[in-house]
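Open the model in your viewer and keep the selection tool ready. Each stop below names something to select and says what is there.

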Amino acid sequence: MASMLQPQIILLKEGTDTSQGKAQLVSNINACTAVADVVRTTLGPRGMDKLIHDDKGSVTISNDGATIMKLLDIVHPAAKILVDIAKSQDSEVGDGTTTVVLLAGEFLKEAKPFVEDGVHPQNLIRSYRTACNLAIEKIKEIAVSIEGKSLEEKKSLLAKCAATTLSSKLIGGEKEFFASMVVDAVIAIGNEDRLNMIGIKKVPGGNMRDSFLVNGVAFKKTFSYAGFEQQPKKFLNPKILLLNIELELKSEKENAEIRLSDPSQYQSIVDAEWNIIYDKLDKCVKSGAKIVLSRLAIGDLATQYFADRDIFCAGRVAEEDLNRVAAAAGGTIQTSVNNIIDEVMGTCEIFEEKQVGNERFNIFSGCPSGRTATIVLRGGADQFIEEAERSLHDAIMIVRRALKNSTVVPGGGAIDMEISRYLRQHARTIAGKSQLFINSYAKALEVIPRQLCDNAGFDATDVLNKLRQKHALPSGEGAPYGVDINTGGIADSFANFVWEPSVVKINAINAATEAACLILSVDETVKNPKSESAQGEAAASAMGGRGRGGGFPGRGRGMRRR
Amino acid sequence: MALAFDEYGRPFIILKEQDQKTRLRGIEAQKANISAGKAVARILRTSLGPKGMDKMLQSPDGDVTITNDGATILEQMDVDNQIAKLMVELSRSQDYEIGDGTTGVVVMAGALLEQAEHLLERGIHPIRIAEGYEMASRIDVEHLEHIAQKFDFAPTNIEPLVQTCMTTLSSKMQVVNRCKRPLAEISVKAVLSVADLERKDVNLDLIKVEGKLGGKLEDTELIYGITVDKDMSHPQMPKQIQDAKIAILTCPFEPPKPKTKHKVDIDTVEKFQTLRQQEQKYFDDMVQKCKWFFSGGGVGGRYWYTPLQFWGRQLVLILMFVQDVGATLVICQWGFDDEANHLLMHRNLPAVRWVGGVELELIAIATGGRIVPRFQELTPEKLGRAGLVREKSFGTTKDKMLYIEHCANSRAVTIFIRGGNKMMIEETKRSIHDALCVARNLIRNNSIVYGGGSAEISCSIAVEAAADKHPGYAIRAFADALDSVPMALAENSGLQPIETLSAVKSQQIKENNPHFGIDCNDVGTNDMREQNVFETLIGKQQQILLATQVVKMILKIDDVISPSDF
């Protein structure tokens, strides 16, 4: 009786939503599995694309795991972790974003029955961690190094890696074409770490094969003034002057005002302004430059001045393009036209203004230092080019990673099967519960080949059994076998050049395990009601913003106005 | 849209505002996408070919467009569906890249989608279909190259080019059809005069296409020079100038002012005098260069001593200078006031004011002149030259235009279109644009294939033959889709589609001659070579590749997530 009379202790604010214990854990797992299910179908060369509208009406068609996860706008707190690992995989290695989400989802799914049966999550976590370390060691062991090969050989090996990445994308049909383009681009920038030295320009129209690589810089014709068309449009070995100043007849200082008490100076002010601009132009011409580029405007006066002297100029060049020209042509960007020496001017073999699709492009090719490359992408629709750009970005990242950590593993699910087999084998040597957990981890890894089959419409069980059998061969010769996407059987991925850089796999397994462990270790979610109402408020103020701004500070009023 | 439910059947809130989103997935999504794409293609289908019909489109603000140009129709339709938008972009890409065949590419894509739908119903994996299409398109493109013919043209022999442009124009509006021959000739001549044959580069910006209401289509002409929709600044100025020397100015007719905000304090008469003297000196200096002034031209004297005519005096000095350099016509980017106008007239120096920057540039290119920013910099070398400058008025209206013709260097030309109504002129402009693009493409690559659906039929036969060697249904489906273009041509021409197509097909196979097509114009022969119906090879190849590419993209989507109010 006494206990019933005791008043209830109120610890949290009213409306706080707490859920805890096993039920909460299971519900989190369910949410994560649901998210993994969304991206599931995008895996592999037979993976499908998603078309996602956002509320602003813009549309994305994509096959890239990270892009899809980002656009899904996930609010579930546990499922958000999956978005984060996809993002981290994207920024770390650039590819394998679908894989990482899928693996994490599968690890959790395998853990679910154990949790329901009352296994303490920490036990699971410990075993998963062990399994993860074992898996990574195994990858390192299997990985084949491409170090020490000649450049030509290396190039073709890298192209294989890029082709594997591209095969799952929309541009998969032309993967060899793009793979070699990507490799050329990456090799061109050498060991330079700045990825922005590879420019990707998108021009709607044409087909994919019309895309081309410029060994130098290309950018769209900038806004031009009258007189531009009278300039020559092709040069061989020109000197290129790069500027960051305006070449325009205008007041030298903003908001300046000149007060003349002595009218005799009036004319000198007029002359002074003209002299300033002519002096600048004259210096540009005297420097011997044949091409003048500026990040700021080059006005009509300057355009005509240059046209008279057979010099090509372009104003308002985007900063990144200008930087690329500077890196490629070997010049430096000048902020003044005084004392221009030959060293600060760049050069290239050929400069030309060319028609690409509906646009005119300025193309600088055959640059001496060659530390830049520009890929001009063509395609039938805007979304197509956008997706192609994302795919190429993945491929570029892969090639760069492979160039640095030059080890590769067989793809097509082969490596996953091999790790799975290894872990199962290892599990048998362990006494205790851990054996079960590591076994389930091993089973979860099989999701990659299984999903590859599912997406391609093959009988997954059948293919998987064949693969298990191959991998279980004691000689170990079956290790590189993976799913053969063309026939629906199995094939030696290594011999078929389905290669992935090992760093992609290592990172994916690591990130997925960590995410799974993180979610498993959560047993209570406290959802603060305030954040909820703050959201509502934000929405209300967005809707009824005018009402509040108009002198009704009452929040309720704003709400009612909806 | 809920992704998952808990054990009580309540949905998890995983996505932001997830109950306001809809999701279509799997085969349903593909079906919905395909039917959207097909719907777009169906609209354009009737516009294909020489007997294709036009569409009338009314924009939200009431403007009416009548056209049968695929890209224009789709652009104006303002579609909302995402897949339909892809079709619009497909047509636009063809327009950007080739400029012609914008209807054909959409019809082709629609046919491919239709075939894909059948295959999907049979349970074939969409990516398999896409791969089959891709392989077929490659076979197709190779085959096109195989049946293509090269022909040579020279600036002296433009006949082949004209023939190809005529094929393009024949599919346009009937009114254009009427005088396609002269229009084709105009287009070809225009392109050839701006083309850089060495680099195989044509900048279409240098061809100005201008239209003016009134007259008839036959009055359309090619002007080796520029027309400007302006008239002489003073009605009494001469209307015609032979061997004009043109000063192209970007400065107003007044003494230069500083660009910086300035203020001159004048509180005494002396200061005013000084200021005046300054300006006077400026012009004196300028006039130093002007021999005419010193060699005894006394006319200016009248103004010299009249303080009230202060500004006018300066002006006249400017004019004298301009004339002394040798200019007989002034084209000015800015305006000038009535006084200046009067003086120009008085000094017999015709002038045109308020000419836009783009036109100014074209005039400079056409006449070989230079644009001059300051009077001081005017030299005889910077003057442009034109054989004839005349002002032409039209009909009974007061509209006048300035023709600058017979230019020294006609690297910029104008096509001047006349027509009975505005819509017709607009449509003619679009047709001419297509013809120009075709001519440009031929300069870049002088291979042609025969039109009238003959290329498609020939490809269909080739792809079908290849389908026997490769496994899969998709390649055969591609061959069927190829048939739909000649089929639509026949349908639109009022022929029996199936009968005509099969007749032509069997004829092609029997005689092993890829030149047989649909006789849309009822000439009496099926041989497109005799009918002189050509299309460019790259245009045709581009159509196939683009259509395949977009169809592949549509087939690859299996999940559509959108806000439900869409």
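Select H16 and H17 of chain B. Helix H16(B) covers residues 454–469 and helix H17(B) covers 474–492. Their axes lie 8 Å apart at an angle of about 170 degrees, so the two helices are roughly antiparallel (an angle over 145 degrees). Axes here are lines fitted to C-alpha atoms over the stretch in contact, with angles from 0 to 180 degrees between N-to-C directions. Helices are DSSP runs of H or I with at least four residues, and strands are runs of E with at least two, numbered from the N terminus.

Now show the side chains between them. On H16(B), the residues in contact (heavy atoms within 4.5 Å) include B:Ile457, B:Val463 and B:Ala467. On H17(B), they include B:Ile475, B:Phe478 and B:Val485.

This is a predicted model: local features need pLDDT of at least 70, side-chain atom pairs count only at pLDDT 80 or more, and totals for chains, interfaces and linings use all residues. Residues are numbered from 1 along each chain as its sequence is written, chains are lettered from A and ligands numbered from 1 in the order written, and side-chain values use heavy atoms, without hydrogens or water.

Stay on B:Phe478. It is among the residues that touch the most other members of the largest nonpolar core, which has 114 residues. A:Leu392, B:Met87 and B:Tyr133 are also among them. Such a core is a set of buried Ala, Val, Leu, Ile, Met, Phe, Trp, Tyr and Cys residues joined through side-chain atoms within 4.5 Å. Buried means under 20% relative accessible area (1.4 Å probe, protein chains only). Another core, of 88 residues, lies apart from the largest one and includes B:Leu222 and B:Ile432.

Next, B:Tyr133. Its contacts beyond four places in sequence include B:Leu112, B:Phe478 and B:Val551.

Jump to B:Thr536, in strand S17(B), residues 534–536. Is B:Thr536 buried or exposed? B:Thr536 is buried, at 6% relative accessible area. Its side chain reaches the backbone nitrogen of B:Gly539 at 3.3 Å. Beyond four places in sequence, its contacts include B:Val438, B:Leu442 and B:Ile448.

Finish in chain A. Select the open sheet of 4 strands, ordered S12-S11-S9-S13, with mixed pairing. Strands pair if DSSP finds at least two bridges between them. S12(A) and S13(A) stand at the edges with a single partner strand each, so one side of each has no neighbour in the sheet. S9(A) and S13(A) run antiparallel, joined by 2 bridges; A:Ile240 has A:Gly346 as its bridge partner. Helix H11(A) lies across S9, S11 and S13, at about 140 degrees to S9(A).

Technical notes. Buried < 20%, exposed > 50% of the residue type's maximum accessible area, 1.4 Å probe, protein only. Polar contact = N/O pair within 3.5 Å; in protein donor to acceptor, adjacent residues only side chain to side chain. Parallel < 35°, antiparallel > 145°, perpendicular 65-115°, else oblique.
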